[in-house]
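I opened the notebook to record what I looked up, entry by entry.

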Amino acid sequence: MKALIKYQPGAGNVRAGEVEKPVIGPEEVLLKVMGAGICGTDLHILRDDSYPVRPPVTLGHEVSGTIEEIGEKVHGWELGERVVSETYYHTCGKCFFCKTGNINLCEEKLSIGSGVDGAMAEYVKVPSKNLHRFPESLSFEEACMTEPLVCCVQAVFQHSRLSPEDCVVVTGPGTIGLLTLQVIKLFGCRTIVLGTKKDEKRLNMALELGADEIMYVEEEDIAGRVRKSSRGLGADAVFECSGSVAAIRLSMDLMRKGACYTQVGIPGREAAIDMGKVVLREYTIRGTYATRPIWWDKTLELLRDGKIRLKPLLSSACSLEEWEKGFNSAIDGEGFKHIIVPVRGEGITEGE
Ligand SMILES: [Zn+2]
Ligand SMILES: [Zn+2]
């Protein structure tokens with residue numbers, strides 16, 4: 001079958017080629033991949049800058065598909081069902097993190113698309129316990145954004161205590177930023193989205209998706225403007241979704257005393273912050289990494305209830321052979337989510 005492979009360590013070293021079709025174990029299912037999202041993680045793997053990966057490996061962890069084969073010990077699933085999948089192929093089940101429900105932090109965790117073969121292929125095998133049905137109303141293209149949405153739901157629901165009177169800043173209006181924005185708006189908070197001049201289209205989309213205000217970081221006195229927008233105090237919370245060092249530094253000047261800062265985007269390099277500010281302003285600084293299973297159910301509930309809009313964030317779909325086109329669009333910050341459609345590759349299907 002066709003697959004997109006990181007064939008050895010180092011920058012680049014990715015190509016589309018032929019690999020063996022996966023053979024499933026008794027507790028696994030084989031998915032026919034209908035959509036695989038290109039994520040910041042895939043770009044980190046392409047550049048080899050900060051993300052652990054075990055080449056040779058097929059990329060892709062944001063997947064939607066149909067069930068093609070079912071292992072002999074799997075119950076409750078039928079051939080042809082439309083599903084999305086959690087990303088951990090293996091966790092140890094014994095360590096402190098696994099035992100406390102934090103399997104995203106397990107040292108032995110192997111995820112599809114980095115630790116084991118992933119979804120940028122015609123087929124991918126996953127443990128049946130990772131499967132979720134998704135609402136009829138969503139296309140396969142939209143459904144492969146479930147995983148990034150779960151990351152954002154975890155970031156907002158688990159790592160913050162938002163109230164309707166809060167003013168929240170989101171930095172970075174890419175897919176993760178605009179999904180995070182939509183989750184924050186569920187709490188009724190005033191929300192400001194920050195981006196660069198290059199992000200004009202994305203910032204306009206932020207307004208369409210519910211942002212109360214947008215700001216270009218190149219403009220004067222962003223800190224003063226955020227303060228003015230937030231009862232004269234500064235933001236109650238920041239969700240840093242770009243991973244940019246400049247955005248991380250700027251964020252430290254945008255928050256009120258006692259505010260909570262959450263790092264959602266993965267910085268590709270070390271980002272120094274002034275710990276003096278953290279002490280004197282009593283900031284809480286938190287990170288959020290990937291997803292815990294509990295947030296998958298919550299996310300699918302939000303999608304079923306129509307609380308989050310995914311379709312406006314879908315920008316392009318390309319075949320496995322055209323992977324560079326999709327990756328380059330993602331690198332250049334064009335549009336939002338770019339996906340790989342291994343089977344059809346004829347572009348985004350028009351929904352209702
Ligand atoms: Zn992802
Ligand atoms: Zn573990």
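**Entry 1: a buried glutamate**

I began with Glu-86, which is buried but takes part in no salt bridge, the nearest side chain of opposite charge being that of Lys-129 at 6.9 Å. I keep in mind throughout that this is a predicted model. The 6.9 Å to Lys-129 lies outside the limit, because a salt bridge needs a side-chain nitrogen of Lys or Arg within 4 Å of a carboxyl oxygen of Asp or Glu. What I did find for Glu-86 is a polar contact of 2.7 Å between its side chain and that of His-132. I placed Glu-86 in the loop that runs between strand 6 (82-85) and strand 7 (88-90). Setting aside residues up to four places away in sequence, I listed Ile-112, Asn-130, His-132, Pro-293 and Trp-296 as the residues that Glu-86 touches.

**Entry 2: salt bridges**

I next turned to the salt bridges, of which the structure holds 14. One of them joins the side chains of Arg-133 and Glu-81, with 2.5 Å from N to O. This pair links distant parts of the chain, since Arg-133 belongs to strand 10 (residues 131-133) while Glu-81 sits in the loop between strand 5 (62-70) and strand 6, 52 residues apart. I checked the accessibility of both partners: Arg-133 counts as partly exposed at 42% relative accessibility, whereas Glu-81 counts as buried at 19%.

Which parts of the chain does the salt bridge between Glu-213 and Arg-190 tie together? The closest N and O atoms of Glu-213 and Arg-190 are 2.7 Å apart. Glu-213 lies in strand 13 (residues 213-216) and Arg-190 in strand 12 (residues 190-195), so the bridge ties together parts that are 23 residues apart in sequence. Arg-190 is partly exposed, and I noted a relative accessible area of 32% for this residue.

I also looked up the salt bridge of Glu-322 with Lys-325, where the closest N and O atoms are 3.5 Å apart. Here Glu-322 is partly exposed, with a relative accessible area of 31%, and Lys-325 is exposed, with 54%. I then found that Arg-231, Asp-236 and Arg-256 are joined into one network by salt bridges that share partners.

**Entry 3: helix 4 against helix 10**

How are helix 4 and helix 10 oriented where they pack? I read an angle of about 105° between helix 4 (residues 146-159) and helix 10 (residues 293-304), with the axes 9 Å apart. Helix 4 is therefore roughly perpendicular to helix 10, because angles of 65 to 115 degrees count as such. On the helix 4 side the contact includes Leu-149, Val-150, Val-153 and Phe-157, and on the helix 10 side it includes Trp-295, Trp-296, Leu-300 and Leu-303. Trp-296 had already come up among the residues that Glu-86 touches.

**Entry 4: two covered helices**

The buried residues of helix 1 are Thr-41, Asp-42, Leu-43, His-44, Ile-45 and Leu-46, and what covers them includes strand 1 (2-6), strand 2 (14-18), strand 3 (28-38) and helix 11 (323-331). After helix 1 comes Asp-48, for which I noted a positive phi, near 60°.

**Entry 5: two loop sites**

Is Ser-114 buried or exposed? Ser-114 is buried, with a relative accessible area of 7%, and I located it in the loop between strand 8 (110-111) and strand 9 (123-127). Beyond its neighbours within four places in sequence, Ser-114 is in contact with Ile-45, Tyr-51, Pro-52, Val-53, Arg-54 and Val-57; Ile-45 is one of the buried residues of helix 1.

Cys-92 touches Cys-98, Cys-106 and Glu-108, residues up to four places away in sequence not being counted.

Key:
Residues are numbered from 1 along each chain as its sequence is written. Chains are lettered from A and ligands numbered from 1 in the order in which they are written. This is a predicted model: local features need pLDDT of at least 70, side-chain atom pairs count only at pLDDT 80 or more; totals for chains, interfaces and linings use all residues. Side-chain values use heavy atoms; hydrogens and water are left out. Helices (H or I, at least four residues) and strands (E, at least two) are DSSP runs, numbered from the N terminus. Buried means under 20% relative accessible area, exposed over 50%, partly exposed in between (1.4 Å probe, protein chains only). Lys and Arg count as positive and Asp and Glu as negative; His and the chain ends are not counted. A polar contact is a pair of N or O atoms within 3.5 Å; within protein, one must be able to donate a hydrogen and the other to accept it, and residues adjacent in sequence count only if both atoms are side-chain atoms. Contact means heavy atoms within 4.5 Å. Axes are lines fitted to C-alpha atoms, for helices over the stretch in contact, and angles run from 0 to 180 degrees between N-to-C directions. Angles under 35 degrees count as roughly parallel, over 145 as roughly antiparallel, 65 to 115 as roughly perpendicular and the rest as oblique.
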